[in-house]
Amino acid sequence: MSSSEERNLKKRVLRALLAVDYRPVTVEQLAFSLRLQEDEIEQVSRADEELIEQGRIREDRRGRLRPRGMLATVRGVVRRMPSGAGWVIPSEKVADLRGGDVYVAARDLRDAQSGDEVLVTLTARRRSHGQRCGVIDRIVERASTVFVGTWIEIGGRGYVRVDGDQFSEPLHVADTGARGPQVNDRVVVEILRFPTAKKAGEAVVSKVLGRHGDPGIDNLSVIYGFGIPHEFPEGVLKEARLRVEQFPDEIPADRWDLTGRTIVTIDPADARDFDDAISLDRTDDGVWHLGVHIADVASLVPLGGPLDHEARERGTSVYLPDYVIPMLPELLSNGLASLQQGELRWTRSVFIDFDHAGMVLGAKMANTVIRVTQRFAYEQVLPIVHGSGTADEYAPEVRRLLQQMYELAMLLRARRRDQGSLEMGIPEIRIDFDEEGFVCGAHERQHDESHQIIEEFMLAANIAVAQYLTTHGIPFLRRVHETPDELKIRGFQQFCQGLDLHLSQPQSRFELQSLIRRVEGRPEQRAVNMALLRSMKQAIYSPEDAGHFALAEEDYCHFTSPIRRYPDLTIHRLIDRIIRDGGRPGDASEELFELGKHCSRTERRAERAEREVIKVRLLRFMEPKVGEEMEAVITGVESFGMFCQGIEIPAEGLIPVNEMSDEYWEFDSAARTMTGSQSRRVFRLGDRIRVLITSVNVDRRQMNLLPVRDGGRSGGRSRRWESQPRGSVREVAGTEKTERRRKADKVAGSTKNRHGHSTSGRRPRNKRSRRK
């Protein structure tokens with residue numbers, strides 16, 4: 001069939017499907033209605049497949065063809081639940097959804113998995129409070145087809161139990177090839193057929209990682225599970241060696257020689273890749289002259305070469321608790337590009353002048369050469385600043401530099417707060433490991449004034465560079481943090497009302513900032529900060545000029561870490577071009593938008609991988625502690641239960657609602673609370689709670705908990721809030737409805753179930769989770 005005949009056939013198919021009297025039919029029925037010959041059915045089938053791929057028609061569960069437009073179709077990402085059902089989070093705002101997600105029942109999810117990009121067709125069905133439901137129409141792109149799990153054997157046949165709760169049943173492996181995994185081996189599998197509600201999945205083993213419990217096996221499992229490149233190809237290593245060999249010893253004529261200046265670095269004690277260094281002086285007129293000197297990675301990684309391709313693919317360095325996967329080979333990242341003390345290094349410098357009040361007077365960029373005078377760890381800085389401890393060990397000009405850095409940074413920090421910049425005080429927990437790599441404890445990471453010094457100067461440099469590029473009209477990858485979604489920020493407002501905290505304009509940064517200050521040091525501080533953080537959008541990389549909400553800046557980018565972030569490397573290349581030939585204004589290309597999406601994905605992947613390794617290590621630490629109690633904080637409240645994180649050891653577990661006391665639990669999705677219908681006990685996000693560890697399953701990434709009544713154990717056993725287990729849940733619309741129900745219950749002297757019948761003194765008939 002010629003191309004013109006194919007086009008004509010597609011037009012006939014579309015006309016038939018768009019006819020007013022069209023009723024959905026199968027391909028064969030459509031061919032019959034079009035009066036086609038039997039040998040033309042295959043051609044109609046091909047035409048239909050192409051139209052489906054183009055998104056112009058779709059095929060329903062019964063194989064019948066339907067045109068797009070009969071029901072609204074939404075593009076989004078799947079988040080699958082252990083129950084088999086899932087949610088589709090829309091990629092863009094959809095008016096019909098009013099900012100919400102689309103619920104998809106297990107039978108309608110097909111074989112879509114968490115992270116898959118899909119097209120979902122909205123149905124007429126709605127859940128409680130009008131939430132839209134849908135059916136997965138097509139999988140646009142798989143998040144992954146490669147997974148890691150444990151080899152098991154059932155009835156003489158091989159299976160892989162995939163890590164996590166994404167797959168409820170093990171995947172059958174028909175042929176293991178020559179690899180021959182043994183029971184309890186950790187293996188990498190590629191999915192041949194994803195499981196559905198009706199059909200089991202099938203996979204093939206692509207690699208045996210080692211035995212369960214081998215040293216380093218947790219890191220390897222996460223690296224392969226998240227598809228993180230971790231070994232450099234020989235061509236990349238060869239180019240890195242060549243760059244080192246060709247690096248000149250003399251200072252180039254086109255670079256500003258700053259080797260005579262006093263310049264310092266401040267980094268973690270165990271850091272090896274030093275991106276940034278600082279110089280600073282203050283003239284007699286009170287003007288501050290700040291120099292932020294960043295490793296010139298662009299001169300070592302030419303655009304389009306093997307090093308560049310590998311760095312772009314990785315997007316970022318990945319920092320696991322005891323293992324780093326660098327974006328660039330260590331020969332560069334920890335060697336020639338790293339600003340090591342006493343070594344001649346090429347840098348790209350940003351010089352910013354501030355007046356006595358911290359207002360920017362001007363900024364300029366230059367290609368420079370520096371030699372770091374002194375390297376400091378964060379812990380060494382404040383004793384020198386305050387003139388105590390070992391301050392006398394350092395040269396007077398070094399001590400003076402640190403003291404001036406402290407003075408200017410605190411000035412900039414105060415000015416930034418006055419402009420509405422937000423800072424949420426959620427402490428970061430660091431895991432402690434013994435010599436064999438096992439968890440032995442945890443500590444709260446200090447974010448004191450020594451960290452704030454570097455933070456303020458890096459922010460100032462990033463802002464200055466973004467404004468510089470904007471002034472020159474050159475499109476670049478911005479660090480974008482959009483204004484919070486109105487529904488989510490209103491939900492945060494309701495959450496605050498439940499804590500008797502007034503917030504009249506939740507979209508105002510100044511009101512949010514005032515709220516953060518009000519709760520500082522109070523019991524609800526953690527709850528408010530966590531809830532606010534969850535109401536915010538994630539920052540992304542994009543050439544779109546959408547500003548940075550949290551920083552209260554219109555122009556912002558990442559410039560200060562080109563050793564470990566690819567977006568920073570792209571900014572350095574643009575600055576270098578402007579310095580050399582002035583640069584050329586233009587419009588953002590589609591390629592730049594795609595690069596932003598790619599870098600945002602690799603950043604999220606690195607964050608998830610780090611969290612996953614920490615989670616596995618913590619769960620292994622908690623395994624022998626089943627039956628013990630611990631202090632925890634509630635980190636999430638959902639209709640199916642509450643997530644809690646330990647205070648001393650930050651392992652996270654779930655309190656399933658159906659394992660709680662024998663009463664209904666009212667879930668308030670806006671206020672993020674769970675309220676007992678009889679006890680009136682309220683659990684909310686951020687509350688401290690004592691819990692009993694009931695079970696730990698490392699492979700499933702699960703730890704189950706139960707709340708313990710005040711007073712702890714009794715007779716060697718923990719007491720729950722009520723003596724009998726098994727509760728059920730009903731969902732309410734918000735804090736206002738919850739309060740109305742509480743008042744009604746108080747008047748009536750009893751609580752009522754969803755049918756209006758009193759539940760006082762008897763068990764609910766249905767112990768499963770319920771929604772109103």
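Student: Let's start with α5. What covers its buried residues?

Tutor: This is a predicted model, by the way. In it, the cover over the buried residues of α5 includes α6 (306-314) and α7 (330-336).

Student: Which residues of α5 are the buried ones?

Tutor: General idea to begin with: an α-helix has 3.6 residues a turn, so residues three or four places apart point the same way. Here the buried set in α5 is Val236, Glu239 and Ala240. They span an arc of only 100 degrees around the axis, which means that they sit on the same side of α5.

Student: And which exposed residues does the face turned away from that side carry?

Tutor: Lys238, Glu245 and Gln246 are the exposed residues on the face of α5 turned away from its buried side.

Student: What about the span of α5 from its first C-alpha to its last?

Tutor: α5 takes in residues 234-246, 13 residues in total, and reaches 18 Å from first C-alpha to last. That is close to the 18 Å expected at 1.5 Å a residue.

Student: On to sheets. How many strands make up the closed barrel, and in which order do they run?

Tutor: Strands of a sheet pair through backbone hydrogen bonds, either parallel or antiparallel. The closed barrel has 5 strands in the order β8-β9-β10-β12-β11, and its pairing is mixed. On average, neighbouring strands of this sheet are turned by 50 degrees against each other, direction ignored. Helix α4 (residues 217-225) packs on the sheet and touches β8, β11 and β12 (202-211). The direction of α4 makes about 150 degrees with that of β12.

Student: In what sense do β8 and β11 pair?

Tutor: Antiparallel: β8 (residues 146-154) and β11 (residues 185-193) pair over 5 bridges.

Student: Then how do β14 and β21 run, and which way do the residues of β14 point?

Tutor: β14 and β21 (residues 374-377) run parallel, joined by 4 bridges. Isoleucine 266 stands opposite phenylalanine 376 in β21. Along β14 (residues 264-267), Val264 and Ile266 point one way and Thr265 and Asp267 the other, and all are buried.

Student: How should I read phi for aspartate 500 and arginine 680?

Tutor: Most residues other than glycine have a negative phi. Aspartate 500 has a positive phi, near 60 degrees; it is in the loop between α11 (486-498) and α12 (509-519) and counts as exposed at 73% relative accessibility. Arginine 680 likewise has a phi near 60 degrees. Its loop lies between β30 (673-676) and β31 (682-684), and at 26% relative accessibility arginine 680 is partly exposed.

Student: Last one: how many disulfides does a search of the whole structure find?

Tutor: A disulfide is a covalent bond between the sulfur atoms of two cysteines. The search finds 0. As for cysteines to look at, cysteine 440 is partly exposed at 48% relative accessible area, whereas cysteine 644 is buried at 0%.

Definitions and conventions:
Residues are numbered from 1 along each chain as its sequence is written. This is a predicted model: local features need pLDDT of at least 70, side-chain atom pairs count only at pLDDT 80 or more; totals for chains, interfaces and linings use all residues. Side-chain values use heavy atoms; hydrogens and water are left out. Helices (H or I, at least four residues) and strands (E, at least two) are DSSP runs, numbered from the N terminus. The expected span of a helix is 1.5 Å times one less than its number of residues. Buried means under 20% relative accessible area, exposed over 50%, partly exposed in between (1.4 Å probe, protein chains only). The arc is that of the directions from the helix axis to the C-beta atoms. Contact means heavy atoms within 4.5 Å. Two strands pair if DSSP finds at least two bridges between them. Axes are lines fitted to C-alpha atoms, for helices over the stretch in contact, and angles run from 0 to 180 degrees between N-to-C directions. A disulfide is a pair of cysteine sulfur atoms within 2.5 Å.
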